[in-house]
Amino acid sequence: MAGFSDITGHEKLISYFFRSLKNGSISHAYILSGEDGMGKMTLARAFAMSLLCRTHDACGRCSSCLQFASDNHPDMIYVKHEKENSIGVDDIREQVVADTEIRPYNGGYKIYIIDEAEKMTPAAQNALLKTIEEPPEYVVIMLLSSHEESFLQTILSRCITLRLRPLHDRIVTEYLMQHYGMEQHQASICAAFARGNLGRAITLADSERFMEMHGKTIEILKSIYDKPLYQLLDELKEQKDEINEVLDTMKLWYRDVVVFKATQDSNLLIFKEEQQTIKKMADHSSFNGLDEIQNAIDRAQVRLKANVGFDLTAELLLLTLQEN
């Protein structure tokens, strides 16, 4: 199915859509739930393209597919809203409720995609509920959301909820290597940071700032036993604006140290190119010490979120790293 062929991962959801199209068991309302960047819109568009296709397989050749590909299909409606943080009742009434009374122009379906649907006000959700409860036979509504808990229970109970799960790091790594020409160790780092979110991984891969931050943090960690505390503190202060990413890098680094200490298997490392340094740190530190380091990084993140002074927080963290 051409509409789904370019999607990486999410095989179970794609299989579900495929069966629905094959069996003609199409719901009038879906919730696609997952973090921003996980591919909700891509999946929704692939399903919509297949529904509107003359043969329901997103052939890419029929007039419907050509219109869809050029974003000119009259039966594909993307709900817009003027207020940045709110989708109001008028938005829903004008763009969905009233519009559903008009039959499709070209086919058997009329599809509405509401992105960031969690921004609908309660009044907007109640207005939409009437359409979901008694929809015209040709209407399909797709709510894309990163916070499905924001929906009224009445909305949740009348929609089929499909949750996007994080992709395996291997899949994200291979995608970045294939489509962005990244070296494996760089792609692995972006994948680890993205935690299964392909969109986030792509953003990191395109970010010079991220790669620079990553390199500087690794240099601090590699010299943690060799430099005086004041020098390490100065280097860490230079990255104050990226401190959350710095601390996440430290977590991944010490995760590798623990893994190598426990398994002696370099294939399990994220930072494979730093195997020799990681081995030395694994030999130097005890499991209890490494556990204390991970706890210290967690405490630093909590303190910084609570607006505890940066210098004091950073100094306490660096002392723990040096002592363990």
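Me: Why is histidine 56 called partly exposed?
Reply: In this predicted model, histidine 56 has a relative accessibility of 35%. Buried means under 20% and exposed means over 50%, with partly exposed in between, so histidine 56 counts as partly exposed. Its place is in the loop between α3 (40-52) and α4 (63-69).

Me: What makes the phi of histidine 56 worth a remark?
Reply: The phi of histidine 56 is near 60 degrees, a positive value in a residue other than glycine. Most residues other than glycine have a negative phi. Aspartate 71 is also not a glycine, and has a positive phi of about 60 degrees.

Me: Is aspartate 71 buried or exposed, and how do you know?
Reply: The relative accessibility of aspartate 71 is 55%. The cut-off for exposed is over 50%, so aspartate 71 counts as exposed. Aspartate 71 sits in the loop between α4 and β2.

Me: Why is phenylalanine 271 called buried?
Reply: Phenylalanine 271 has a relative accessible area of 0%. Buried means under 20%, so the word applies to phenylalanine 271. The residue is found in the loop between α13 (243-263) and α14 (275-284).

Me: Which residues does phenylalanine 271 touch?
Reply: Leaving aside residues up to four places away in sequence, phenylalanine 271 touches Ile189, His214, Ile218, Thr249, Leu252, Trp253, Asp256 and Ile278. Contact here means heavy atoms within 4.5 Å. As for valine 257, its C-alpha lies 9.7 Å from that of phenylalanine 271, and the two residues are 14 apart in sequence.

Me: What makes β2 and β5 edge strands?
Reply: The open sheet has five strands in the order β2-β3-β4-β1-β5, paired in parallel. β2 (76-78) and β5 (160-163) each have a single partner strand, so one side of each is left without a neighbour in the sheet. From one strand to the next, the twist averages 20 degrees.

Me: How do you know that β1 is paired with β5?
Reply: Four bridges join β1 (residues 29-33) to β5. Pairing needs at least two bridges, so the two strands count as paired, and they run parallel. Leucine 32 stands opposite leucine 162 in β5.

Me: Which helices lie on the sheet, and which strands do they meet?
Reply: Helix α5 (residues 89-97) lies across β2, β3 (110-114) and β4 (139-145), and runs at about 155 degrees to β3. Helix α6 (residues 122-133) packs on the sheet and touches β1, β3 and β4. The direction of α6 makes about 140 degrees with that of β4.

Me: Why can leucine 316 belong to a surface patch?
Reply: Leucine 316 has a relative accessible area of 36%, which makes it partly exposed. A patch takes residues with over 30%, so leucine 316 passes that cut-off. With Val308 and Leu312, Leu316 makes a nonpolar surface patch of about 230 Å². Leucine 316 is found in helix α16 (residues 310-323).

Me: How many helices and strands does the protein chain have, and what share of its residues is buried?
Reply: The protein chain has 16 helices and five strands. Buried residues make up 49% of its 324 residues. The chain exposes about 16,400 Å², of which carbon and sulfur atoms supply 47%. Its C-alpha atoms fill a box of roughly 75 × 40 × 30 Å along the principal axes.

Notes:
Residues numbered from 1 in each chain as written. Predicted model: local features only at pLDDT ≥ 70, side-chain atom pairs only at ≥ 80, totals over all residues. Heavy atoms only, no water. Axes fitted to C-alpha atoms, helices over the stretch in contact; angles between N-to-C directions. Patch = residues over 30% accessible without salt bridge, like charges linked within 9 Å, V, L, I, M, F, W, Y side chains within 5 Å. Areas by Shrake-Rupley, 256 points an atom, 1.4 Å probe, with all protein chains shown as cover. Salt bridge = Lys/Arg side-chain N within 4 Å of Asp/Glu carboxyl O. Buried < 20%, exposed > 50% of the residue type's maximum accessible area, 1.4 Å probe, protein only.
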